Structure formats: C-alpha cells, structure tokens
Amino acid sequence: MGRFDGRVVLVTGSASGIGQATAVRFGEDGATVVCVDLNVEGAAATADKIGNGATSVALDVSDFAAAKVVVDDVVAAHGKLDVLANVAGILQFGHATDLGIDEWNRVIGVNLTGTFNMIRHALPHLLESGGNVVNVASSSGIHGQPYGAAYSASKGGVVLMTKALAVEYAKKGVRFNAVCPGGVDTPLVGNMTIPDDVEGFLIARMELVRGKFAPPSDIASVMCFLASDDARYMTGTAIPVDYGMTA
C-alpha cells in the first residue's frame, strides 16, 4: 500500500526539477497525479514517466482564470482533489538598480500570486476532501538574499501566506506547509542569468556547506512527507532543506 493510494494530487511546475521529482515521488507512493506546467511537453513527459493514470495540462499559474479551469477540470475528471503541491516558480537575480518593473511583476506574479491562484481555486475542494497544500518557498524567503529583491519578496510572501492560511483553516481540516530549499540542482538554477560580478558570491552562498547543490529528489521526499498522514499534526511549518544555510 502506498501512502497516497486513492488520492488525487496536483503538482505545478512538474516539467522538470523539484516539480518533476515531486510528481514522480507522489506517483511512486500510489497517487493519481496531475502534472501541470507552462511547458506542456515537459509535463507530459513527466506524466508518461509516472504512468498509473497520470495526466498533464498546460498552465501559466499567474493566470487566475486559467488556474480555475485547470482545478475544476481535475475535480471533474477525478471527483476530488486531495493534495495541491505548488512548485512552479521562476528565478531572477541581479542588482536592485537594474530590476525593471516588468521583471518584478513577473517574479511576484508566478511565485507568489501564482501560488495564491492555485490555492484559491483548490480550497473548496480541499475542504471537502480534508486535503492539504505544500508550497515550495526558499531559503531566500527566510533570510536575507542579496541580489534577489523580487525573488526573496515572493518567497517570503509564500512563507507567510502558508502560515496565515494554516491558522485560518486549522479548525476546518486543511493543512498548509512549505519547504524552503537552498541550492538545488535543477534546470531552473542551471539556466538562470546572474551578473558576472555577483555570480561567484551567489553560487558560494548556495553551496555553503557541502560544496554542491541538493538533488531534487531530496526536496521531493520532504514535500511528500508533509502531504502525507505521517505529518497530520504539522501545519504552518516552513521547513528549510538547505544543509544549514539558514541555521
């Protein structure tokens, strides 16, 4: 018996990295997984990798109306929603004086507003199923991260939104938790653009202790634990998975 047998799990950002690893881990534990990503080809590849009835759908999580359609379609197809894993996110690092308003809005729109959009539409269904939400925040959301004003603001917002919702819904049976990774070996990190004069500083900070990034599967393990009944008394947590970066 898997920990998520009979449960329906929606994972955003599932085309690669932490999202893909999380979706695969849920599938290995018996869940019916819906893989959501702006990169629909990548999401479909993840669903194929999972098998067991996993499906995929394209979505820009910053689009409030489109997020509702996706959530409603998942519930229509499967009859319920048990777990929402919000992994979709984007990185942006650089000097604050070089940060344009369009860049700011896009980072906040995907990382923070996108997380809210998914939660807002999933909540009525999670209330019915007694389900829960696991959000991916960041170590940058719980300590100062130079050259990451928009990213840190977005992930700090995810941390406190998680805590606020956990308190609001504690007596209604829906749990909210967050994972705060440090440096993780993902395409998102590998492909990010960093100004030459700050790249070495940021990489050294992310690789603080072990000298290397964490594999996405390590983050996925914590995500699935928080979503499971093993963590039924955990809500409102923001767990660092950063090998002491924020200690």
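Predicted model: local features only at pLDDT ≥ 70, side-chain atom pairs only at ≥ 80, totals over all residues.

Me: What is the order of the strands in the open sheet?

Reply: Strands of a sheet pair through backbone hydrogen bonds, parallel or antiparallel. Strands (E, at least two residues) and helices (H or I, at least four) are DSSP runs, numbered from the N terminus. Two strands pair if DSSP finds at least two bridges between them. Here seven strands follow the order β3-β2-β1-β4-β5-β6-β7, with parallel pairing. The edge strands are β3 (55-58) and β7 (238-241), each pairing on one side only.

Me: How many bridges join β1 to β4?

Reply: Three bridges join β1 (residues 8-12) to β4 (residues 83-86). V9 stands opposite V83 in β4.

Me: Which strands does helix α3 lie across?

Reply: Contact means heavy atoms within 4.5 Å. Axes are lines fitted to C-alpha atoms, for helices over the stretch in contact; angles run from 0 to 180 degrees between N-to-C directions. Helix α3 (residues 64-78) lies across β1, β2 (32-37) and β3, at about 155° to β1. Helix α4 (residues 101-129) lies across β1, β4, β5 (132-136) and β6 (175-181), at about 175° to β4.

Me: At what angle do α3 and α4 pack?

Reply: They pack at about 35°, with their axes 9 Å apart. Among the residues in contact are F64 and V71 in α3, and F116 and M118 in α4.

Key:
Residues numbered from 1 in each chain as written. Heavy atoms only, no water.
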